Amino acid sequence: MALTPAQPRPLSIDTHAHVFVRGLPLVGARRYTPDYDATLADYLGLLDAHGMSHGVLVQPSFLGTDNSFMLAALAQARGRLRGVAVIDAAVTPAELADMNLAGVRGIRLNLMAKPTPPLTSAPWQTLLPAITALDWHVEVHMEAARLHEAVTPLLAMGCRVVVDHFGRPDPALGIADPGFGYLLDQGASGRVWVKLAAAYRNWRPADCAALGRQATHKLLTAFPADRLMWGSDWPHTENRDRADYRLACDWLRAWVDDDTMRHTLLAATPAALFGITGDHP
């Protein structure tokens with residue numbers, strides 16, 4: 001039976017997407033410059049079309065620490081979305097409190113091809129406990145071979161850690177990457193989550209169903225299902241010719257056969273992590 005606008009959608013959460021438009025101020029040192037718009041209206045339309053009740057916006061790296069466009073989108077979405085911000089380590093407690101009220105539930109360290117910051121030194125020693133006190137997490141995006149550089153000190157500081165995009169194993173090594181093995185070893189910590197998202201950043205699109213399934217099954221041997229979650233990675237920056245929202249949904253079904261487990265990844269896990277309750281009309 002088709003849902004009408006008045007009917008609630010069952011809880012189902014896309015944990016990784018970006019919104020932006022052309023003309024926003026971009027950081028100077030960036031890997032990517034979008035020549036198209038990824039609007040809030042477009043994203044909400046995709047959530048509706050694919051039966052998703054909620055979504056999570058992640059600040060794109062090319063916008064740096066100016067989270068204002070994302071925060072405006074959170075406000076316009078009226079509680080349907082949560083956010084993950086990119087911040088300067090010297091951010092003030094008042095700024096963190098304002099972002100928390102807006103719906104931000106974590107910060108992102110996008111360290112692809114960037115040095116790992118000195119997480120055990122000031123001002124991180126002040127910031128990270130503040131992040132934990134807000135019940136936020138730290139999202140880490142970096143090559144699998146380097147994951148230990150960030151994940152180990154973050155766990156030592158008491159942080160909850162979310163690892164992006166299957167942990168970004170080396171495409172030539174896949175699940176044999178020792179860095180992916182390190183990620184599997186963190187399953188026992190109880191404080192690490194992994195996003196099953198953007199498989200095309202690790203493998204050729206033709207291999208994403210099969211190799212993503214292998215990686216997912218490995219992760220499910222090391223992590224309980226309530227530490228894994230799915231994200232579309234819309235609008236697939238740098239990879240718009242390799243994926244779309246429908247394909248991202250199809251890959252999840254290829255990776256996880258069991259309906260109950262898939263529901264855990266889509267609902268229970270992200271709802272608890274991002275503080276999302278109830279269905280959405």
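Mentor: Start with the surface, and keep in mind that this is a predicted model. The accessible surface of the protein chain is about 11700 Å². Carbon and sulfur atoms account for 56% of that surface. As for burial, 53% of the 281 residues count as buried.

Now the part itself, helix H6. H6 covers residues 178–185. Its buried residues are Gly179, Phe180, Tyr182, Leu183 and Leu184. Several elements cover these buried residues. Among them are two helices, H5 (147–156) and H7 (208–222). Strands S6 (161–163) and S7 (192–197) are also included in that cover.

Look next at the N-terminal end of H6, which Asp177 caps. A side-chain oxygen of Asp177 lies 2.7 Å from the backbone nitrogen of Gly179. Gly179 is also one of the buried residues of H6.

Step back to the whole chain. The protein chain has nine helices and eight strands. Its radius of gyration is 18 Å, close to the 19 Å that the globule rule gives for 281 residues, so the chain is as compact as a globular protein of that length. Along the principal axes, the C-alpha atoms fill a box of roughly 55 × 40 × 35 Å.

Contacts in sequence terms come next. Take those between residues at least 6 apart in sequence: 76% join residues at least 24 apart.

Last, charge. The chain has 25 positive and 28 negative side chains. The centres of the two sets lie 1 Å apart.

Key. Residues are numbered from 1 along each chain as its sequence is written. This is a predicted model: local features need pLDDT of at least 70, side-chain atom pairs count only at pLDDT 80 or more; totals for chains, interfaces and linings use all residues. Side-chain values use heavy atoms; hydrogens and water are left out. Buried means under 20% relative accessible area, exposed over 50%, partly exposed in between (1.4 Å probe, protein chains only). Helices (H or I, at least four residues) and strands (E, at least two) are DSSP runs, numbered from the N terminus. Contact means heavy atoms within 4.5 Å. A polar contact is a pair of N or O atoms within 3.5 Å; within protein, one must be able to donate a hydrogen and the other to accept it, and residues adjacent in sequence count only if both atoms are side-chain atoms. The radius of gyration is taken over C-alpha atoms; the globule rule is 2.2 Å times the number of residues to the power 0.38. Accessible areas come from the Shrake-Rupley method with a 1.4 Å probe; for residues, only the protein chains shown count as cover. Lys and Arg count as positive and Asp and Glu as negative; His and the chain ends are not counted. The place of a charge is taken as NZ of Lys, CZ of Arg, CG of Asp or CD of Glu.
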